Amino acid sequence: MQRHRLVNGGILLLIAFLGFTLSRYFWPNRCPQGTDLDTNHSYLTLKSKLSHLERNVFNTKQRPLSFLTERTCTFPNVDPFDPAIIDIAVGNKTALRCDLDFMPQLTYIDRRYLKVNTTQVDISLGTGNLSHCRYRNITGGPFDYSSVEFSDWSKTFRESVALEEDIEFIEVECFRREPYNVTISKSYFSLVPRLKHFEKLYNVRLKKRSIKYQPQETLNIVIVGLDGLSRHQFLRTMPGIYTYLTKTLNSFDFTMHGQLGAASFPNLLGLLSGSTLEEVSDWWDYAQPEDVFDLMFKHFENAGYRTLFSEDNTKDGAFYWENRTFLYPQASFWDRPVHLAMRADKGYIRRDGVCLGSRPISVFQLDYLLDFIHTFSDKPVFSLTWIDKVTHDDTPNAGMIEEHLFKFYQTLTATGYLNRTLVILFSDHGQRWGKLRLTPNGYLDSRNPFMMLTFPPWFLKKYPYLANNLRENTRVLTTHLDTHQMLLDILYFKSKEHPPFYKSRKGLNLFERLPDRTCKEAHIPSSQCLCNTQVEEELNTSSPFALRLSKTLFHAIKARADPKMCEEFHSFDIIHVKHVTLPDSSSSGQQSTMDQYLYRVTIIVYPGEAIFEGNFYYVSELRRYALDENIDRLNMYKVEKILCKPPREQEFCFCKGQL
């Protein structure tokens with residue numbers, strides 16, 4: 001069957017930046033008047049507002065374009081704003097609101113008090129129609145962070161109630177006066193208590209760091225991640241934030257950031273532990289607890305930092321996919337219990353997980369982070385806030401929360417907190433599936449996650465050589481392993497003694513000038529490598545050679561499907577077969593036995609219409625093409641995620657019982 005071939009529209013658009021003015025610092029339900037953050041990202045709007053963004057997109061501002069041709073590693077040169085893909089990539093997304101189709105939120109937290117919002121009560125119910133409210137405490141089960149425990153319900157209240165100092169998570173319900181006992185409001189809250197017994201421990205650790213190691217600087221580290229968002233998709237869906245970061249805050253845009261694997265786990269493992277999945281697989285498997293990884297939270301806690309880890313996806317998130325788990329919390333503050341409680345509350349999590357009751361999930365998490373920052377404003381902190389649900393399955397959704405991120409940065413700026421903090425906004429990997437993945441831009445988008453580093457201005461001014469190195473490193477191949485090394489350097493910045501932990505041999509410090517590396521040198525698997533890959537031509541899908549490669553891929557897919565739970569794939573269609581040139585095999589990280597080019601094959605299989613992509617390399621010793629073991633699935637498999645177990649089998653399975 002002849003498949004329609006997508007054609008690249010080819011002309012590089014000059015990009016305009018969206019300007020906006022700082023205004024309010026907290027979280028209204030909609031963008032307030034006076035805030036000029038434009039969230040209308042239609043192609044015509046982008047095109048009409050574009051001016052001189054080319055140097056920012058490709059970061060060639062300080063070097064001639066000819067410099068790129070002399071590099072060991074260059075990425076494919078595609079237009080992120082190609083008119084042919086802009087509707088697919090951006091869509092018509094508006095700011096996310098969750099309060100229009102759910103019960104009103106009638107309570108709020110004021111320090112350690114839970115209060116009734118009387119104004120909202122009058123609006124939603126009318127004066128005098130509130131009967132009472134109540135709350136109960138939520139805690140994680142001991143040695144089992146897949147379940148939660150609830151306290152008894154509190155005494156009822158109608159105005160406010162003081163909360164115990166050690167409470168972290170609560171569920172709140174409010175009821176109407178008539179008819180009696182009808183729930184008219186439900187909310188969950190995450191709090192950040194400052195516990196005296198922990199304060200003593202962290203304070204002495206901080207004192208030890210200061211006296212024994214004498215670091216010259218102490219920076220807070222605040223990391224916010226968006227799952228599965230490529231750099232180009234970040235530019236397309238969040239141009240306002242990109243403009244603000246690069247123009248107002250002088251952030252560093254790492255244009256050639258690579259990934260350590262196709263999924264979240266290997267990339268966050270590299271960021272937080274400095275290890276690759278291949279490395280830990282020598283002594284760990286998926287059935288073992290993940291506490292053994294010695295994640296970076298421990299290093300910062302031992303130095304007196306307060307730590308926070310927030311991840312919204314309790315089942316399929318970075319560290320919980322395939323039923324993996326921890327025995328102990330990895331950070332001082334960890335909001336997993338409240339997310340488990342909300343997931344168990346049928347109907348509370350809505351719209352594919354992006355709404356938690358009447359609040360967007362991004363607002364819920366960023367509010368928790370801001371509360372953490374405010375509570376410990378006089379102490380150093382290290383935090384990772386991981387937002388999975390918004391972008392993982394549908395990356396155009398990123399545009400819906402641009403306003404939330406903008407206000408987050410506004411708050412950090414207005415409170416002065418940004419002046420003593422490194423903020424990292426990043427993603428783990430690119431977009432692995434969906435319509436965009438099938439376009440000419442899709443391959444680059446699947447393997448080039450974005451990363452933005454924002455330092456305090458005084459720090460860059462005080463250490464200009466570091467600023468210069470960071471700027472130069474935005475144009476060379478980097479990974480999450482390099483970010484890991486930089487963060488450890490910050491923890492004991494220019495200290496008198498050697499740091500009290502083992503530093504991984506993998507990764508290079510982003511504070512140092514990085515060499516022009518190959519994928520192999522950067523520990524990027526060959527299947528994830530973008531270095532010097534350029535599509536030379538598309539083959540005729542009816543040719544015998546194209547059919548032979550496609551059949552090989554088809555049979556490899558069939559072999560990975562468990563016949564006990566999966567229907568047998570009986571046929572396939574060829575979408576395309578592309579000839580890709582790799583000018584230097586070493587630059588891609590391939591073995592020397594492989595030649596300098598490959599064929600990339602994409603097919604659709606039946607039943608189920610799953611779309612797969614595989615790479616064939618020419619092996620000189622065997623005198624034939626060999627299929628790389630990493631096969632990508634390019635469209636979603638939500639039904640399989642529900643029906644099929646274990647998770648590793650889902651990607652190659654069309655579950656029985658669906659025909």
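1. The side chains of K115 and D110 meet in a salt bridge, with N and O 2.9 Å apart; the term is used here for a side-chain nitrogen of Lys or Arg within 4 Å of a carboxyl oxygen of Asp or Glu. K115 counts as partly exposed at 24% relative accessibility, and D110 is likewise partly exposed, with a relative accessible area of 29%. Throughout, buried means under 20% relative accessible area, exposed means over 50%, and partly exposed lies in between, for a 1.4 Å probe and protein chains only.

2. As to provenance, this is a predicted model, in which local features need pLDDT of at least 70 and side-chain atom pairs count only at pLDDT 80 or more, while totals for chains, interfaces and linings use all residues. Residues are numbered from 1 along each chain as its sequence is written, and side-chain values use heavy atoms, with hydrogens and water left out.

3. By the rule of the opening point, the count comes to 26 salt bridges. One of them joins E171 to K186, whose closest N and O atoms are 3.9 Å apart. This pair links distant parts of the chain, since E171 is in strand β6 and K186 in strand β7 (residues 183-190), 15 residues apart; strands (E, at least two residues) and helices (H or I, at least four) are DSSP runs numbered from the N terminus. E171 and K186 are both buried, and they belong to a network of salt bridges that also links R134, R136, E173 and D345.

4. How many disulfides does the structure hold? There are five, a disulfide being a pair of cysteine sulfur atoms within 2.5 Å. In one of them, C73 and C531 have their sulfur atoms 2.0 Å apart, and the link is left-handed, with -90 degrees about the S-S bond. C73 lies in the loop between α3 (66-69) and α4 (83-90), and C531 in the loop between α18 (480-491) and β18 (534-538), so the pair ties together parts that are 458 residues apart in sequence. Both C73 and C531 are buried.

5. A further disulfide joins C98 to C355, with an S to S distance of 2.0 Å, and this link is left-handed at -75 degrees about the S-S bond. Because C98 lies in the loop between α4 and β1 (107-110) while C355 is in strand β13 (residues 355-356), the pair ties together parts that are 257 residues apart in sequence. The relative accessible area is 1% for C98, which is buried, and 0% for C355, which is buried too.

6. The disulfide between C133 and C174, again with S to S at 2.0 Å, is right-handed, with 105 degrees about the S-S bond. It links distant parts of the chain, C133 being in strand β3 (residues 130-141) and C174 in strand β6 (residues 169-176), 41 residues apart. C133 counts as buried at 0% relative accessibility. Strand β3 also holds S131, which is buried with a relative accessible area of 13%; leaving aside neighbours within four places in sequence, S131 is in contact (heavy atoms within 4.5 Å) with R158, F175, R176, R177 and Y180.

7. Helix α13 (residues 361-375) has 15 residues, which at 1.5 Å a residue should span 21 Å, and its end C-alpha atoms are 21 Å apart, which agrees; the expected span is 1.5 Å times one less than the number of residues. The helix is mostly covered, as 12 of its 15 residues are buried, including F364, L366, Y368 and F372. D367 forms a salt bridge with R359 (2.8 Å, N to O), and R359 counts as buried at 14% relative accessibility.

8. Which residues touch the most other members of the largest nonpolar core? They are F234 and L425, in a core of 60 residues, where a nonpolar core is a set of buried Ala, Val, Leu, Ile, Met, Phe, Trp, Tyr and Cys residues joined through side-chain atoms within 4.5 Å. Its largest share, eight residues, comes from α13. Leaving aside neighbours within four places in sequence, L425 contacts V224, F234, I241, L245, L405, Y409, F450, M451 and M452. A second, separate core of 54 residues includes L272, F309, F459 and F501.
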